[in-house]
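Here are my notes on this one, in the order I'd go through them. Have a look at the model first.

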Amino acid sequence: MSSFSLTNDSLLGILNIIKFLFSITILLVGILLSENAALTDCDRFFYKPLIWFRVFLLLVSLTGFIGACFYGHLPRMLWVYHVLMFLLIVAGIIFTIFAFAVTNKGGGRLLPGAGYKVYRLGDYSNWLQNRLNNNRDWNKIKTCLVESKVCSDLYSKYWDVSFNKFHQKPLNPIQTGCCKPPNECGFTYVNPARWVEENWQVYGENPDCKAWDNDQNILCYNCESCKAGVLDNIKHSWKKVQWFYVICQMLLIIMYAVGCFAFRNILIDES
């Protein structure tokens, strides 16, 4: 009977070592994916929940590792670990479902003859819209966009091209929404950084038409199209990391189930 208990102790210890190493891998790979997924540094705060999830997983796995190694002296540690691990898995499932739900809506619309898409703020989920309609969060992003010179780099690259050629360039969502006025405003193109606003009274039903300014610190950073471009960037960034976390969640559930089986056998053996 004692050899069976030892087998379960060893299995539980090995599983928790694997979980601990696995949590470190999730932390490092997740950070790497988050870094590469975002187009700019300006939407990093949207990744904070993922970072906290990884850190909490690391701490919970460390608790299980300590509990398995010193079960005779710290039996409650292993109980705490299993409860926290269960709550973490439930929270991970809820967050994954939530992430898929809020990133399911939205996307660019193709324009005839254009090399880029246009983006509408109303096409995205209400939760994402509310995050950017919060002045505190949006001001942070807007300031970051100005300082990162997203539009300045675009202008330098296409400074001497004609409107037709510029219209066919593959602009990304932020460049489309923040660095140029919406097409329906009917502004006259001078160069990528300067548009004459003589026709906005005729074509400017879109409120973004009045928000546009040739000032390099203003441009269309106050436009809804700019917010939509940022949201599209966030949406695609999240989707790149979601499937990674789905796979990690499945592996955690399997290891947790095996660990619970081994822990149950230890309790039965001791009783």
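What share of the 271 residues in the protein is buried?

1. Buried residues make up 45% of the 271, where buried means under 20% relative accessible area, exposed over 50% and partly exposed in between (1.4 Å probe, protein chains only). Keep in mind that this is a predicted model: local features need pLDDT of at least 70 and side-chain atom pairs pLDDT 80 or more, while totals for chains, interfaces and linings use all residues. Numbering runs from 1 along each chain as its sequence is written, and side-chain values use heavy atoms, with hydrogens and water left out.

2. On the overall layout, there are eleven helices and four strands, taken as DSSP runs numbered from the N terminus (helices H or I, at least four residues; strands E, at least two). Of the contacts (heavy atoms within 4.5 Å) with a separation of 6 or more, 71% are between residues 24 or more positions apart.

3. The largest nonpolar core has 40 residues, and Leu145, Tyr155, Phe166 and Val230 have the most contacts inside it. Such a core is a set of buried Ala, Val, Leu, Ile, Met, Phe, Trp, Tyr and Cys residues joined through side-chain atoms within 4.5 Å. H11 gives the most to this core, with six residues.

4. Lysine 235 deserves a look: this residue of helix H11 (residues 224–270) is buried yet has no salt bridge, and the nearest side chain of opposite charge, aspartate 232, is 5.2 Å away. For the cut-off, a salt bridge needs a side-chain nitrogen of Lys or Arg within 4 Å of a carboxyl oxygen of Asp or Glu. Leaving aside neighbours within four places in sequence, lysine 235 is in contact with Thr103, Asn104, Lys105, Gly106, Gly107 and Tyr124.

5. The whole structure has four salt bridges. One of them pairs arginine 120 with glutamate 184, with the closest N and O atoms 2.9 Å apart. Arginine 120 lies in the loop between E2 and H4 and glutamate 184 in the loop between H8 and strand E3 (188–191), so this pair ties together parts 64 residues apart in sequence. Arginine 120 is partly exposed at 30% relative accessible area, and glutamate 184 is partly exposed at 30%.

6. Another salt bridge joins arginine 136 and aspartate 137 (3.8 Å, N to O). Here arginine 136 is exposed at 57%, whereas aspartate 137 is buried at 6%. Shared partners join Arg131, Arg136 and Asp137 into one network.

Methods: Lys, Arg positive; Asp, Glu negative; His and termini not counted.
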